[in-house]
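Me: Please take a close look at one part of this model: the charged side chains. Keep it brisk, and give the cut-offs.

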Amino acid sequence: MSDQTTAPDTQPLLRPVRLGALEPPNRVVMAPMTRARATNAELAPTDLHAEYYAQRASAGLIISEGTWVSPDAIGFIHVPGIYTDEQTAAWAEVTESVHAAGGRIVSQIGHLGAVSHPDHHGGRLPAGPSAVNPEEMAFTPDGPKDTVTPRALTGAEIADTIRGYRQAAANALRAGFDGLEIHAQGSHLVAQFLNPRLNQRTDAYGGTSEKRAQFLLDVVDAVSDVWGGERVGVKLSPYWNGGPAFTADADVLADYDLLLKRLGDSDLAYLHLVGPAPDADTDDTFTAFTRLRSHYRGAVIANLGFTQATGNELLERQLADAVSFGAPFIANPDLVDRFAHGHPLADGDRDTYYGGGVKGYTDYPTVAGS
């Protein structure tokens, strides 16, 4: 568990915390959110990204939108990468802006794997752990399309992919980020390797729960070699239900129980864990985090559907060390101040969540005087 710095007269969300080598001044974390504003051929962040993140620098910790570790990782339009020198230099401008505003920012890196589409790869099939169609929806330049049956990664390609994660981690370090988060949630590549329906390999990366987890553990080792584990986090979603391939049944949750215990040996800065959706036919949020906390001895950032009240309650019950907020940060760049002073939260314009420019991105006002 993290260093639980206490300040009895302050609501838990506003107390400082230690997450490995990271020292957020409060426990209000800005969750990674794809906003699809990298509308340039280089897939590099822009001055608009720098302004957007700097506006939200009062968060205890900002986790960047997921960024591609390589061209093969791409699976969504207008999402930036961190695999070229140009992208890395552009991210350096973002981190400089955040730091100038007094904030801390972690780079989230990932790969969409089999949930990508040939339209993102010049007609080539995307690759996944096995040649099994995830039956999800891919977001292409021509709009949403059904996923296809991918090709299975070869052993050599898995090694290359892990090297891609390591290089992306090195680029994030060069860009001035304060840490690194591995995107292993939802239906992305790491989650595909963890999934027995999509991972039907019989080599070192499949066949048992332990072997299905090996890809993630190898990625953790690769990026920790660059950063040191005390500045590396992993985001997982044990309760994820999406399409026929991803169901949070008893067997899946049991596999995640074992994975959390194994990750406890990695000396990570934190695990960023997504709980069940509020309307899910499974454990409620507090039951879920009681279970997750029992299997992981390190620091936990909790995610999904929290309010100020439920976030404070979760922290009071010591079921997590920090809470991440996604949508509330879109329309409330001063979310921490609003929590501190009891100001109501503004609602975001969902029509502008993905794509576009300034509108719905950097034009949300703060509360006067906060």
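Reply: Glu-96 counts as exposed because its relative accessibility is 55% (buried is under 20% relative accessible area, exposed over 50%, partly exposed in between; 1.4 Å probe, protein chains only). The model is predicted: local features need pLDDT of at least 70, side-chain atom pairs count only at pLDDT 80 or more, and totals for chains, interfaces and linings use all residues. Numbering runs from 1 along each chain as its sequence is written, and side-chain values use heavy atoms, without hydrogens and water.

Glu-96 lies in helix H2 (a DSSP run of H or I, at least four residues, numbered from the N terminus).

Now the salt bridges (a side-chain nitrogen of Lys or Arg within 4 Å of a carboxyl oxygen of Asp or Glu). The whole structure has 16. Arg-166 and Asp-225 form one at 2.7 Å, N to O. That pair links distant parts of the chain, 59 residues apart: Arg-166 sits in helix H3 (residues 155–174) and Asp-225 in helix H6 (residues 214–227). Arg-166 is partly exposed at 35%; Asp-225 is exposed at 54%.

Asp-255 pairs with Arg-212, closest N and O atoms 3.1 Å apart. Here helix H7 (residues 250–263) holds Asp-255, helix H5 (residues 209–212) holds Arg-212, and 43 residues separate the two. Arg-212 counts as buried, because its relative accessibility is 10%. Asp-255, at 21%, is partly exposed.

Lys-145 meets Asp-142 at 3.9 Å, N to O. Lys-145 is partly exposed at 28%, while Asp-142 is exposed at 64%.
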